[in-house]
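I opened my notebook to record what I looked up in this chain.

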Amino acid sequence: MKFQIPKGTFDILPYGADEPWKLSSLWRYAEEIIRQTALEYGYREIRTPIYEQTELFNRGAGESSDIVMKEMFTFEDKGGRSMSLRPEGTSSVMRAFIENNLAQSGSIHKLFYIAPMFRYDRPQAGRYRQHHQFGVEALGVAGPAQDAEVIDLLCETYRRLGLKDLTVDLNSVGDAPSRIAYREALQNFLRPHFQELSEDSRTRFEKNPLRILDSKDPKDREILQNAPSILESLSEPAKEHFNELRHLLDKCRIHYRINDRIVRGLDYYKKTVFEVTAKIVGAQNALGGGGRYDGLIASFGGPDLPGVGFGTGIERILQTMVSQNVAMPEEMHPLVYFLPLGDEAKEPCFTLVTECRHQKIPAEIDLQSKKIQNGLQNALRLSAKVCAIIGSEELKKGVAQIKHLESRRQEEVPLDRLVDYFKELL
Ligand code: AMP
């Protein structure tokens with residue numbers, strides 16, 4: 001029987017990947033930069049299970065959001081409870097934050113995660129059923145400086161990863177009074193067009209009209225062109241928050257543009273929302289986004305702490321790095337490749353390769369080749385720096401023939417000096 005990978009998923013491979021962004025060396029490189037940047041900004045790592053009670057995501061992401069309405073991987077466990085694979089990070093982090101009483105250890109909490117997410121999407125280019133996100137949640141600060149920090153962290157991470165030509169779209173979806181005002185303004189504007197709207201948008205008209213702004217339907221988009229701007233409905237406090245945030249971003253020279261059409265797909269956002277897109281050959285690539293979600297923790301039964309965060313797709317980041325020709329990291333190569341010639345050399349070579357490894361010298365041994373040519377080819381394939389050839393002659397003399405694979409220079413080195421010799425090559 002031949003098994004196949006589930007639809008909408010992919011393998012991350014050390015070599016042999018059909019696309020360069022699926023190479024594990026690239027994932028490791030990006031994840032290291034991401035982790036380092038988040039830690040430097042004072043964020044601490046949190047890891048939560050990949051599945052939770054379905055109800056958590058209904059409450060968190062909101063029952064009218066696409067990811068809950070259409071895209072959740074939901075199953076019943078053996079106890080008859082409805083569980084779902086996590087479609088986004090924030091709800092799980094809120095659950096863990098409350099359940100573990102993290103609020104007890106201070107008033108400000110800055111958390112980050114790098115984790116797989118699951119959405120039962122229609123398979124299409126760039127959308128996977130399992131994808132990975134880097135996300136942060138900054139809890140406890142209501143002022144706009146926290147929003148600015150989070151946006152800056154996102155941009156700085158992209159910058160350190162070498163991404164170019166990014167656009168930061170910024171908007172405010174206001175506080176509760178602003179949304180009540182805007183809801184009415186938007187419904188009044190859309191009412192004469194109701195019959196022309198897509199089915200999804202008609203469903204949202206009463207439930208959550210703001211989300212109509214998110215519609216990708218061409219006819220909806222045409223109608224929306226003249227829709228009123230949410231920025232005109234902002235209450236005084238929401239307006240002040242937005243202006244202060246813009247001021248801070250300007251001061252820090254973080255470039256953005258105002259885009260009053262972005263509302264983000266999840267229901268919990270308040271005030272600030274933002275999205276970052278990258279320009280790649282012939283297209284735009286949505287890299288990540290986020291916003292403020294004051295009130296969310298309280299709605300889960302936790303303390304009433306404000307919060308702001310983002311999520312960014314690692315696949316999209318890596319694809320953009322590849323298409324923008326960002327310099328890629330080198331795989332680790334062995335410094336030395338031991339090539340024992342004949343059975344009697346195998347044991348001494350194995351002892352030597354082990355000694356090298358214990359001394360943190362990347363070393364490999366050929367346990368298979370019978371011919372020197374095959375062994376040298378293997379060493380070249382692995383891009384080793386030198387090959388240590390040991391046969392019966394060498395054993396008698398107590399030396400190894402060291403072949404430098406680039407210069408082809410060869411020299412004899414006594415076995416008891418070998419480790420020191422390699423250390424100098426490191
Ligand atoms: P969202 O929670 O939908 O705003 O997603 C945050 C980021 O995750 C997006 O900007 C994408 O980079 C990435 N993302 C979301 N859904 C998918 C998916 N199905 N496949 C790949 N990446 C995704």
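**Entry 1: a hairpin**

I began with V399, which stands opposite P414 in strand 16. Strand 15 (residues 399–404) and strand 16 (residues 410–414) run antiparallel and are joined by five bridges. I noted what pairing requires: DSSP must find at least two bridges between two strands. Helices (H or I, at least four residues) and strands (E, at least two) are DSSP runs, numbered from the N terminus. Five residues lie between the strands of this hairpin, and R408 takes a positive phi near 65 degrees there.

I also wrote down the ground rules. This is a predicted model, in which local features need pLDDT of at least 70, side-chain atom pairs count only at pLDDT 80 or more, and totals for chains, interfaces and linings use all residues. Residues are numbered from 1 along each chain as its sequence is written, and side-chain values use heavy atoms, with hydrogens and water left out.

Next I looked up strand 5 (residues 109–118). Nine of its ten residues are buried, so I marked the strand as mostly covered. Buried means under 20% relative accessible area, exposed over 50%, and partly exposed in between (1.4 Å probe, protein chains only).

Which strands pair with strand 5? Strand 1 (residues 44–45) runs parallel to strand 5, with two bridges joining them. There, E45 stands opposite F112. Strand 6 (residues 130–139) pairs with strand 5 in the antiparallel sense, over ten bridges. I found F118 bridged to Q130 in strand 6.

**Entry 2: helix 4**

Is helix 4 (residues 90–99) largely enclosed or largely open? It is largely enclosed by the rest of the structure, because eight of its ten residues are buried. I listed the buried ones: T90, S91, S92, V93, M94, A96, F97 and I98. They pack against strand 2 (51–53), helix 2 (54–60), strand 5, strand 6 and helix 10 (296–299). Contact here means heavy atoms within 4.5 Å. Just after helix 4, I found N101 with a positive phi of about 50 degrees.

I then followed helix 5 (residues 144–160) to helix 9 (residues 236–251). Their axes come within 9 Å and cross at roughly 45 degrees. That makes helix 5 oblique to helix 9. The crossing is right-handed. P144, A145, D147, A148 and I151 in helix 5 meet H241, E244, L245, L248 and L249 in helix 9.

Axes are lines fitted to C-alpha atoms, for helices over the stretch in contact, and angles run from 0 to 180 degrees between N-to-C directions. Angles under 35 degrees count as roughly parallel, over 145 as roughly antiparallel, 65 to 115 as roughly perpendicular, and the rest as oblique. A crossing is right-handed if the near helix is turned clockwise from the far one by less than a right angle, and left-handed if anticlockwise.

Helix 1 (residues 24–40) also passes helix 5, with axes within 10 Å, crossing at roughly 145 degrees. This crossing is right-handed. I33, I34, T37, A38 and E40 in helix 1 meet L153, E156, T157 and R160 in helix 5.

**Entry 3: across the chain**

Last, I checked R204 in helix 7 (residues 199–207). R204 is buried, with a relative accessible area of 6%. Its C-alpha atom is separated by 77 Å from that of V413, 209 residues apart along the chain.
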